[in-house]
Amino acid sequence: MQILDMSFYARKFIFASCFIVFSINYIDQRDVIVPCTEPKCDGSLKSDNYPFRYSRSRHDNTTLCVPRGKIKINWIDFSIEQPEHTGYGVECVHDWIKIVECENQEILLNKTCGRNITLPTVTSKTNCINIIFITDGNWESRGWYFTWNAVVGKNGNCEI
């Protein structure tokens, strides 16, 4: 498995007002860099094939950035493989999603899984987050879907 250092691209696109910096599927060995076409301050993101079953054996890492401010995620739907009882309690060991800050990898949403659950709103501390979605080769479900928007101060504008 080849792991790429995409920090150069992340920095380059953040300043170019990009909303999706890159998405990598390590399992398929495809590297896809999604360039900016216009500044974005809101949008939506979903798992592949949503609302139909997502693909098996994936390792997706999608970076979401706004020109300035923070990013607020509102979950519309969430249904992936159930957690499992292990010797350490109930854990997401098969399919899961996790959200972290780009710069310091601070966890905003720890490994999360489950069917038809309601997730809390997630708000970043910076203008850039990574959404990590891992699936194994066994069971798959409908997936997930959320909307996002930039959050700026009073009388603020997302665009630079």
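Student: How many disulfides does the structure hold?
Tutor: The structure holds two disulfides, a disulfide being a pair of cysteine sulfur atoms within 2.5 Å. In general, a disulfide is a covalent bond between the sulfur atoms of two cysteines. Please note that this is a predicted model, in which local features need pLDDT of at least 70 and side-chain atom pairs count only at pLDDT 80 or more, while totals for chains, interfaces and linings use all residues. Residues are numbered from 1 along each chain as its sequence is written, and side-chain values use heavy atoms, with hydrogens and water left out.

Student: Which residue forms a disulfide with cysteine 92?
Tutor: Cysteine 92 is joined to cysteine 113, with their sulfur atoms 2.1 Å apart. Cysteine 92 lies in the loop between strand 7 (89–91) and strand 8, whereas cysteine 113 lies in the loop between strand 9 (107–112) and strand 10 (122–123). The pair links distant parts of the chain, 21 residues apart. Strands here are DSSP runs (E, at least two residues) and helices are DSSP runs too (H or I, at least four residues), numbered from the N terminus.

Student: Why is that disulfide of cysteine 92 and cysteine 113 called left-handed?
Tutor: The torsion about the S-S bond of cysteine 92 and cysteine 113 is about -90 degrees, so this disulfide is left-handed.

Student: And where are the cysteines of the other pair, cysteine 102 and cysteine 128?
Tutor: Their sulfur atoms, in cysteine 102 and cysteine 128, are 2.2 Å apart. Cysteine 102 is in the loop between strand 8 and strand 9 and cysteine 128 is in strand 11, so the pair ties together parts 26 residues apart in sequence. With a torsion of about -65 degrees about the S-S bond of cysteine 102 and cysteine 128, this disulfide is left-handed.

Student: Is cysteine 102 buried or exposed?
Tutor: Cysteine 102 is buried, with a relative accessible area of 17%. Buried means under 20% relative accessible area, exposed means over 50%, and partly exposed is in between (1.4 Å probe, protein chains only). Cysteine 128 is buried at 3%, and cysteine 65 counts as buried at 0%.

Student: Which strands pair with strand 5?
Tutor: Strand 5 pairs in the antiparallel sense with strand 12 over nine bridges, and with strand 10, also antiparallel, over two bridges. Two strands pair if DSSP finds at least two bridges between them. Isoleucine 71 has alanine 150 in strand 12 as its bridge partner, while isoleucine 73 stands opposite valine 122 in strand 10.

Student: Which residues touch the most other members of the largest nonpolar core?
Tutor: They are Ile73, Trp75, Ile97, Ile131, Trp144 and Phe146, in a core of 29 residues. A nonpolar core is a set of buried Ala, Val, Leu, Ile, Met, Phe, Trp, Tyr and Cys residues joined through side-chain atoms within 4.5 Å. The largest share of this core, five residues, comes from strand 11.

Student: What does phenylalanine 146 touch?
Tutor: Leaving aside residues up to four places away in sequence, phenylalanine 146 touches several residues, including Leu45, Ile73, Trp75 and Ile131. Contact means heavy atoms within 4.5 Å.
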